[in-house]
Amino acid sequence: MPAVDVDGLTFTYPSGPRPAVRDLRFRIDHGEVFGFLGPNGAGKSTTQKLLIGLLRGYTGTISALGRDLADWGTDYYEQIGVSFEIPNHYLRLTGLENLSYFRALYRGKTRRPEALLEMVGLADDGGRFVSEYSKGMKTRLGVARALLNDPRLVFLDEPTMGLDPVSGRRIRSLIREMKQTGRTVFLTTHDMTVADELCDRVAFIVNGEIGIIESPNKLKLAHGARKVAVEHTNDGIPGRSEFPLDGIGANADFLALLREVKIHTIHSQEATLEDVFIHVTGRSLH
Ligand code: ADP
Ligand code: MG
C-alpha cells in the first residue's frame, strides 16, 4: 500500500473561475521523496493543502497512510509534518518558544526543539524573536517545526526558497536524511536543482494538471543526446569534439584523442531537468 494515493483529484477555490488542480493522479511509496515541480501558480501549494486536509470540497479521492483522508480525524496531524510556503510563526515569540508551543500540542513523543534548531542551522538564533528573522530563517524554522513529532510523512512546500547557498545545502541534506531514515516526503518546488538532487520521482505540474511523473534520471536520459563532449587543447589550440555514447570504449577516434591531446572536460550530454520540463510542458519553470 502506498503512503499517499491520489485519484482524480480536482479542486476549485470558491472564488476561482476554474479548477486550481484538475484530475490529479499519483501514488507516493513509503520512503519515497516525491517532488511536485512547476512554475508559480501551477497548483503545487493547493495540492499540498488538499493532502494535509486544509482544503475541503474537492472531488476525487485522497488516501494517506492507509486511510481515506475523509476518515482521518485530528490524529492525522500526529502522524504527519508540514512546512508551509509562507510560514505562520508567532512573530512575537522566539524561535525556541515557537517550537515549544507547537511541541506541546502533540500527544505523542516529540523531539527536542534545541536539537531541531541545530539541524536547520538556527542553534544560535533560538532566543531571538521571530519578527527579527529573515525570510530564509523563517523557512528553516518552519522545516524544524515540521519535524517536531518525528513524522512518517512530511510535506514541505518550497523548503529551500529564499535560502542562501549554505542554508539551502543544509536543508537539502536534512531531506536526504529524512529519506535515509525511511520517511516519506512530499516536496513542492520550482527549483529544478532541488528536484533533481533529492527526488526519487518528480511530477511536472502546469496549470493544475500533471504532465508526467518519472525519476529525474530517466527523464534526463530520455530527453538528452547520447553523446559525449570532450574539451581539449592540442599544441595550445583549443577544441571540442563529440562522440556517440554507444560503443564509446571501442571508438578509435575517441581513444586516440584521449591519448594524444590535453583533456580539460568530458561530459555526457544528458538534458537538464529544466530542459526536460520545457520540452514536456512547453513552459519554463520561472
Ligand atoms: P503554486 O503553489 O504552484 O505556485 P498555488 O497552488 O498557490 O500554485 O495556486 C494555484 C492556482 O490557484 C493559482 O491560479 C492561484 O491563483 C489560485 N489560488 C491559490 N490560492 C487561492 C485562494 N486562496 N483563492 C483563490 N485562488 C487561489
Ligand atoms: Mg506554492
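User: How many residues of the lining of the largest pocket are nonpolar, polar and charged?

Analyst: The lining divides into 10 nonpolar, three polar and three charged residues. Tyr and Cys count as nonpolar here, Gly as polar, and Asp, Glu, Lys and Arg as charged. This is a predicted model: local features need pLDDT of at least 70, side-chain atom pairs pLDDT 80 or more, while totals for chains, interfaces and linings use all residues. Residues are numbered from 1 along each chain, chains are lettered from A and ligands numbered from 1 as written, and side-chain values use heavy atoms, without hydrogens and water.

User: What is the volume of the largest pocket, and which residues are closest to its centre?

Analyst: A pocket is an open set of points on a 1 Å grid where a 1.4 Å probe fits, with protein on both sides within 12 Å along at least five of seven lines; lining residues have an atom within 4 Å of a point. The largest pocket has a volume of about 400 Å³. Of its 16 lining residues, Tyr-77, Val-82, Phe-102, Tyr-106 and Arg-145 are closest to the centre.

User: Which element gives the most to that lining?

Analyst: Helices (at least four residues) and strands (at least two) are DSSP runs. Strand 6 gives the most, with three residues. Helix 2 (76–79), strand 6 (80–83) and helix 5 (135–146) each supply at least two.

User: In what order do the four strands of the open sheet lie?

Analyst: Strands of a sheet pair through backbone hydrogen bonds. Pairing takes at least two DSSP bridges. Here the order is 2-1-4-5, with antiparallel pairing. Strand 2 (21–28) and strand 5 (67–68) are the edge strands, each pairing on one side only. Five bridges join strand 1 (residues 4–11) to strand 2. Val-6 stands opposite Phe-26 in strand 2.

Methods:
Points joined across faces, edges and corners; volume = space filled by probe spheres on them.
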